[in-house]
Amino acid sequence: MLLKRFEAKTLPKALELVRGECGENALVVETRPTRTGFLVVAARPEPAPAATPPRPRDQAGATPLLSRWTRGFQPLADHATDFGLSATVLRAVERALLGTRVELSRPGDPALPQLAARVLAALVHTAPEVEDATAARFRTLALVGPTGVGKTTTLAKLAGRARARGERIAIITLDTYRVAAVEQLRAFADLMDVPFAVAFTATDLRRLLHEHRVCDRVFVDTTGRSPRDRDAMPVLEGTLRAGGCAALLCLAAGTRARDCDAVFAAYEPLGVDAVCLTKWDETVAPGEALAAVVERGLPLSHLGIGQEVPADLLVASAEQIACAAFACEPTAVQP
Ligand SMILES: Nc1nc2c(ncn2[C@@H]2O[C@H](COP(=O)(O)OP(=O)(O)OP(=O)(O)O)[C@@H](O)[C@H]2O)c(=O)[nH]1
Ligand SMILES: [Mg+2]
């Protein structure tokens, strides 16, 4: 797998370069901000092997099934596929393992699950800085995403945690579209005893952010938009840009791969800074959404694991997620 570096001013532009050169199925293995923009390291997926002649049929007339995984990796691949992980990500993990000391030609190497989890963990970029009050990029954080994914709830969880750490915070909502949205968030803000304001326009947002400039953190709620509502995106993008907001994309962990593609296609032009996978507790196969994040090299900040505010929010741990995918013990993968 040939790795290439791509640099551009914004992450979407860098990813566009990646897609242009390595194709739609490019495997992004690293993204990081640089002084001038973003660096993405990506690889072109290896071409499918040339068509082989049909295999002989067995006595019952059926062609024997070919496994696409090495025998040693097969049980792990089975579990991770049930978990929802894509073949692209699994292939990257298997390839990386081929260069190690583990036995892949037959199942049973006890070191394999933990090593596989370490490789997968290296592919999952996390973003603990989303909760770091000293990280200037995330000081003004807008929660964006499709309808009903848990943006307002996640905002309340993050705000509650920031408040508990003693940070000075304010909450602003841009969601004047849905009936009762303002009241929903005002109730959270009142409970936490933090300032709350409604912004109807980009100018309002700029003014309110200026008013709250002494705050350590400002959380901005936005209206849920279907990824198909292309008209709404430029307005949202303009407003968030005017406010200099970082964008935390909330995506339900049970979202299917193709729907994830549509969500990212709609929201990436906004400049997604990190992703929170919400409703992790509601799905048995969070791997499709996880793989969509990993394949794009986007950082994962949190997992929403329930409705309780602020308790049901976990800071994403690459090791724990990788162990869940391969059903191994989290503690064992610590270096
Ligand atoms: N099980 C579970 N439910 C969640 C989670 N996050 C949010 N919810 C629930 O999902 C529902 C919708 O949450 P909201 O926070 O209103 O979602 P939203 O994205 O702000 O919705 P809109 O503003 O209408 O687009 C509520 O019932 C929340 O309690 C989560 O991590 N797990
Ligand atoms: Mg909402």
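Which loop does Pro-310 lie in? Pro-310 sits in the loop between strand E10 (300-304) and strand E11 (313-315); strands here are DSSP runs of at least two E residues, helices are runs of at least four H or I residues, and both are numbered from the N terminus. I'll come back to that loop in a moment.

Some housekeeping, everyone. This is a predicted model, where local features need pLDDT of at least 70 and side-chain atom pairs count only at pLDDT 80 or more, while totals for chains, interfaces and linings use all residues. Residues are numbered from 1 along each chain as its sequence is written, chains are lettered from A and ligands numbered from 1 in the order in which they are written, and side-chain values use heavy atoms, with hydrogens and water left out.

Let's start with the domains. The assignment, which is an automatic or database one, gives domain 1 (3-43) and domain 2 (128-316). Their C-alpha centres are 24 Å apart. Eight residues of domain 1 are in contact with nine of domain 2, contact meaning heavy atoms within 4.5 Å. Together the two domains bury about 590 Å², 56% of it on carbon and sulfur atoms; that is the accessible area (1.4 Å probe) lost on putting the parts together, summed over both.

What holds a charge pair across this boundary? Between the domains the count is one salt bridge, meaning a side-chain nitrogen of Lys or Arg within 4 Å of a carboxyl oxygen of Asp or Glu. Glu-268 pairs with Arg-19, and their closest N and O atoms are 4.0 Å apart. On the domain 1 side, helix H1 (11-22) and strand E2 (27-33) each supply at least two of the touching residues, and H1 gives the largest share, four residues.

Now to ligand 1. There are 19 residues around it, and Lys-151, Thr-152, Thr-153, Arg-178 and Asp-281 come nearest; "around" means a heavy atom within 4 Å. A polar side-chain atom of Lys-151 lies 2.7 Å from a ligand 1 oxygen. From the backbone, an N or O atom of Val-149 is 3.1 Å from an oxygen of ligand 1, and one of Gly-306 is 3.3 Å from a ligand 1 nitrogen.

Finally, some backbone geometry. Most residues other than glycine have a negative phi, and most peptide bonds are trans. Yet the bond from Val-309 to Pro-310 is cis, with omega near 0 degrees. Ala-180, not a glycine, has a positive phi of about 75 degrees, and Ala-180 lies in the loop between strand E5 (169-173) and helix H6 (181-192).

Technical notes: A polar contact is a pair of N or O atoms within 3.5 Å; within protein, one must be able to donate a hydrogen and the other to accept it, and residues adjacent in sequence count only if both atoms are side-chain atoms.
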